[in-house]
Amino acid sequence: MKHLKNTRQTVLKASRAYYTNRAYYEDLLAQRQRRIAVLNKRELDFLEHAFSAHATHPVSDVLDVACGSGRHVFELAKRGYECTGLDYTPERIQIARERAKREGLSVKLLQGDATRLSYDNEFDAALALYVLFLLPNDDDVLKCLSLINCALRPGGILVCNIGNPFYNGKQWFSLKAIHEGLHITEDRAPGIHGTEIARIREFDPMHGVAWWQETSIIEAPDGTHVFRDRQRLRLFTYWDIIHYLQVAGFKEIKCYPDWEINSRKKPKAEKLVFVSRKD
Ligand SMILES: C[S@@+](CC[C@H](N)C(=O)[O-])C[C@H]1O[C@@H](n2cnc3c(N)ncnc32)[C@H](O)[C@@H]1O
């Protein structure tokens, strides 16, 4: 097995290739799959709850760091928020721009790196969803969270999330998934069928880092495609994120298991969602 380097450039290049290859098809699935519509609504309802329960003033301007093809910013824009979405993969931003045009939605969409944000007191809320695990190293995670803190107005909030490494079920990146070997998942929607065969390699338990290698076979309206890619993944624990949020200057940090508003203690939740406030 070829050793995979963890340098910043290698990690960013791998992630960009992964999302470039899948950009069009992920967006198509997201538009056509009922499961994703249900998940989106659940996450959006949660976000609005977090805005009203945790920010000290009404939320109007929202920054989505690593917005992908815009599933959160578009729904927030429809609900009346002023949104800015930024993503590292230009192809995803391009797809988001086309969708904004098609649907007549006004959202600012920019290509950019989550660790190189340059905003100052401009937003009431920020999102960093399904992205922290992809940042090249822990210094970058801290940099990203600190820059988001700068981007927020006092009293504004950040909503970010991680996969829980102690989750016991299928489908999400966890210690269990690492030990199980091969993962095969299927995604279907009218006119599109994706099969992903994934394996986690080179898990480094000291640093909580691994490489995810995936072969995707996509049968879509424009033909059948096979992509072979890899991504570096960082497994964070609850305590890692609390620590990074505190060092980045956030206060009043609350963790919600699996997007549940009435959060009960659930150490084996699949996803942990953190809401934290800038003083
Ligand atoms: C799993 S997707 C999540 C997208 C979106 N937040 C969502 O929930 O649908 C991860 C996204 O992070 C982006 N990404 C990875 N590294 C990044 C970085 N350093 N800066 C900004 N975006 C990044 C990828 O291009 C990809 O669109």
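How many aromatic pairs does the structure hold? The structure, a predicted model, holds ten aromatic pairs. One of them is formed by F46 and Y256, with an edge-to-face arrangement in which the ring centres are 5.0 Å apart and the planes are at 80°. F46 belongs to helix α2 and Y256 to strand β10 (residues 250–257), so this pair ties together parts of the chain that are 210 residues apart in sequence. Both partners fall under the 20% limit for a buried residue: F46 counts as buried because its relative accessibility is 0%, and Y256 is buried with a relative accessible area of 2%. Another pair is that of Y119 and F123, whose ring centres lie 5.1 Å apart with planes at 85°, so this pair is edge-to-face as well. Y119 and F123 are both buried.

The pair of F46 and Y256 is also part of a cluster, in which ring pairs link F46, Y130, Y256 and W259. Most residues other than glycine have a negative phi. Y130, however, has a positive phi near 55°, and W259 has a positive phi of about 60° although it is not a glycine. Y130 is placed in the loop between β4 and α5 (138–151), while W259 lies in the loop between β10 and β11 (271–278). Y130 is buried, with a relative accessible area of 17%. W259 counts as buried because its relative accessibility is 6%.

The ligand has 20 residues around it, of which A66, R71, D87, T89 and A114 come nearest. By residue class, the shell consists of eleven nonpolar, five polar and four charged residues. Helices α1 (8–32) and α3 (71–78) each supply at least two residues of this shell, and α1 gives the most, with three residues. A polar side-chain atom of D87 is 2.6 Å from a ligand oxygen atom. Backbone atoms also take part: a backbone N or O atom of A114 lies 2.8 Å from a nitrogen atom of the ligand, and a polar backbone atom of L129 is 2.9 Å from a ligand nitrogen atom. On its own the ligand has 600 Å² of accessible area, and the protein covers 93% of this area.

Helix α3, which contributes to the ligand shell, has H72, V73, F74, L76 and A77 as buried residues. An α-helix has 3.6 residues a turn, so residues three or four places apart point the same way. Among the buried positions of α3 are H72 and L76, together with V73 and A77. The cover over the buried residues of this helix includes the helices α2 (34–54) and α4 (90–103), and the strands β1 (61–65), β2 (82–87), β3 (107–111) and β4 (123–128). Just after α3, G80 adopts a positive phi of about 100°.

The loop between β1 and α3 contains S69. S69 is buried, because its relative accessible area of 9% is under 20%. The side chains of S69 and D27 are joined by a polar contact of 3.5 Å. Apart from neighbours within four places in sequence, the residues in contact with S69 are D27, F74, R92, I95, A96 and R99. One of these, F74, is among the buried residues of α3.

F46 is buried at 0% relative accessibility, whereas A37 counts as partly exposed because its relative accessibility is 40%. Between A37 and H57 the sequence separation is 20 residues, and the distance in space is 29 Å from C-alpha to C-alpha.

Terms used
Residues are numbered from 1 along each chain as its sequence is written. This is a predicted model: local features need pLDDT of at least 70, side-chain atom pairs count only at pLDDT 80 or more; totals for chains, interfaces and linings use all residues. Side-chain values use heavy atoms; hydrogens and water are left out. A residue is near a molecule or strand if one of its heavy atoms lies within 4 Å of it. A polar contact is a pair of N or O atoms within 3.5 Å; within protein, one must be able to donate a hydrogen and the other to accept it, and residues adjacent in sequence count only if both atoms are side-chain atoms. Accessible areas come from the Shrake-Rupley method with a 1.4 Å probe; for residues, only the protein chains shown count as cover. Helices (H or I, at least four residues) and strands (E, at least two) are DSSP runs, numbered from the N terminus. Ala, Val, Leu, Ile, Met, Phe, Trp, Tyr, Cys and Pro count as nonpolar, Asp, Glu, Lys and Arg as charged, and the others, Gly among them, as polar. Buried means under 20% relative accessible area, exposed over 50%, partly exposed in between (1.4 Å probe, protein chains only). Contact means heavy atoms within 4.5 Å. Rings of Phe, Tyr and Trp (its six-membered ring) pair if their centres lie within 6.5 Å; planes under 30 degrees apart count as stacked, over 60 as edge-to-face and the rest as tilted.
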